[in-house]
Structure formats: structure tokens, C-alpha cells
Amino acid sequence: MREEKFDFLREKVKAENIPTVRDKTLQKLRGEVFAAQPKKILEIGTAAGISGAAMLLCADEAKLVTIEKDPDFADRARGIFRALGLEKRVTLLEGDADEIVPLLSGGYDFIFLDGPKGKYAAYLPDLKALLKPGGVLFADNISLKFYGLKHSEHRNRTAHVNMAHFLETMRTDEDFSVRFFEEEDGALIAEKLR
Ligand SMILES: C[S@@+](CC[C@H](N)C(=O)[O-])C[C@H]1O[C@@H](n2cnc3c(N)ncnc32)[C@H](O)[C@@H]1O
């Protein structure tokens, strides 16, 4: 029943062109969350709350902290969490992740990185410190295939340079075991080993 409601809400969000994780990547994300059964999830980039809700629906004991800077999206997300009866499990931090991420504390079992694509590398030191050993970092859109369609050439180039830096840092960090999801816009899935 709740799954049907979720599917309905997701289709509405997609029809309004509000950004949300693509179909196969969502399946992959759900599979990873289901396997990990995290207690504490951090998400950068809530948008309308679709990925956040999806993660909570496959990990019954999980609580979610999610960050969104756009007030309209944040409102929409609050409505969607409420509609699915998930609001008590969510802390939505409305504001700029650049400012909020460095203020976070405590350990997280799962981090879904889906905010500003040019900032993954900048957030990484804080996110690594927030992720518990054994925890998983799932970063979406690492190919940036669709990114240049919306942004200026300069912003596009900067995002590509920063993403390459993020990927290289992750690949060479021996504290992480890294896998790649090659479909759609690509994702990096990394387990923190220690
Ligand atoms: C790809 S969308 C997130 C989609 C969502 N995770 C989902 O799958 O349903 C990226 C979101 O990050 C938000 N965002 C961009 N820059 C941000 C920042 N500096 N701080 C917080 N949120 C930001 C955007 O407003 C947008 O809603």
C-alpha cells in the first residue's frame, strides 16, 4: 500500500521535472540500503524527498538527516514524508550543505551524496569523518552525463574537474573499498573499511 503511494508520488515529482534519482539507480540505491540496514542515514540533496523516502522504506529502523537548500523543494519533501507516514524518522535541514555539512557530528551508517555535483570533492573529508567504519557512501551522477545540459560552460568544466578529483581521491584511499554502478548517470559505492 505504502509502496503504491510512493510510486504514485514519485511519478508526480518526475512529471513536474523536479530532480530525482533515475529508475535503475534508485533500484541500486534501494538494494544497497536494504543490504546495509543502516540506523542513521545522511543525504545531501533532498529535492522532493523521493530518494530519502525510498531509503527509509527499505530500512525500517533507519532515521534520515537530509539537507536541501531550495525552500520549495524542502516544503515538497516535508509533504511527501508526511504523506508516507515517515516524518518522525526525518530531520530535514533546510539550508546550504556547504555550511551545514561541516557542522554535523555523530556517526552515519549510510550517506547518499546527491547534492551539488561540483562539491563532492569538497564535502568528502567531512563525509569520511561522519561515516562509521563499515558504513557506505553512495554518490550519484558521477559521469555528469546530463550535467552540461543545464549549466554554463565554466560551471560545467569546474564540475568535471572537481568530480575527477573526487573519483581519484576515492579510488586511491585505502580506507575505502570502491565499486562503480555504470548505468544511467553512474554512481560510486564505497564501503569505509576502518
Ligand atoms: C539531484 S537533486 C536531489 C534528488 C533527490 N536526492 C532524489 O533523488 O529525489 C539535487 C538537490 O540538491 C540541492 N542542492 C544543490 N546545491 C545545494 C547546496 N549547496 N546545499 C543543499 N542542497 C543543494 C538541489 O536544490 C536539488 O534539490
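Axes are lines fitted to C-alpha atoms, for helices over the stretch in contact, and angles run from 0 to 180 degrees between N-to-C directions. The legends below describe close-up views of a predicted model.

**Figure 1. Packing of helix α2 against helix α3.** Helix α2, residues 23–36, and α3 have axes that come within 9 Å and cross at roughly 40 degrees. The crossing of these two helices is right-handed. From α2, the contact is made by Leu26, Leu29, Arg30 and Val33, and from α3 by Ser51, Ala54 and Met55. Sorted by class, the residues of the contact between α2 and α3 are 5 nonpolar, 1 polar and 1 charged.

**Figure 2. Packing of helix α1 against helix α3.** Helix α1 spans residues 2–15 and helix α3 spans residues 50–57; the two pack at an angle of about 165 degrees, and their axes lie 11 Å apart. Because angles over 145 degrees count as roughly antiparallel, α1 is roughly antiparallel to α3. The crossing of α1 and α3 is left-handed. On the α1 side, Arg2, Phe6, Arg10 and Val13 meet Ile50, Ala53, Ala54 and Leu57 of α3. The contact of α1 with α3 divides into 6 nonpolar and 2 charged residues, with no polar ones.

**Figure 3. Surroundings of the ligand.** The ligand is surrounded by 18 residues, of which the closest are Thr20, Gly45, Ala47, Ser51 and Ala97. At least two residues of this shell are supplied by each of α3, β2 (63–68) and α5 (97–100). The shell around the ligand comprises 8 nonpolar, 4 polar and 6 charged residues.

**Figure 4. The sheet.** Seen in the order β3-β2-β1-β4-β5-β7-β6, the 7 strands form an open sheet with mixed pairing. Strands β3 (90–94) and β6 (176–181) are the edge strands, each pairing on one side only. From one strand to the next, the twist averages 15 degrees.

**Figure 5. Helices α3 and α6 on the sheet.** Helix α3 lies across β1 (40–44), β2, β3 and β4 (108–113), and runs at about 170 degrees to β2. Helix α6, residues 120–130, also packs on the sheet, where it touches β1, β4 and β5. The direction of α6 makes about 170 degrees with that of β4.

**Figure 6. Pairing of strand β7 with strands β5 and β6.** Strand β5 (residues 131–140) and strand β7 (residues 187–192) run antiparallel and are joined by 5 bridges. Within this pairing, Val136 has Glu191 of β7 as its bridge partner. Strands β6 and β7 likewise pair in the antiparallel sense, over 6 bridges. Phe181 stands opposite Ala187 in β7. The hairpin of β6 and β7 has 5 residues between the strands, and in this hairpin Glu184 takes a positive phi near 50 degrees.

**Figure 7. Packing of helix α6 against helix α7.** The axes of α6 and helix α7, the latter formed by residues 153–172, come within 8 Å and cross at roughly 35 degrees. Tyr120, Ala121 and Leu124 represent α6 in the contact, meeting Asn162, Met163, His165, Phe166 and Thr169 of α7. By class, the contact of α6 with α7 has 5 nonpolar and 3 polar residues, and no charged ones.

Note on methods: Residues numbered from 1 in each chain as written. Predicted model: local features only at pLDDT ≥ 70, side-chain atom pairs only at ≥ 80, totals over all residues. Helix = DSSP H or I, 4+ residues; strand = E, 2+ residues; numbered from the N terminus. Parallel < 35°, antiparallel > 145°, perpendicular 65-115°, else oblique. Left-handed = near helix turned anticlockwise from the far one by under 90°. Contact = placed C-beta atoms within 7 Å. Nonpolar A, V, L, I, M, F, W, Y, C, P; charged D, E, K, R; others polar. Near = placed C-beta within 6 Å. Pairing = 2+ DSSP bridges.
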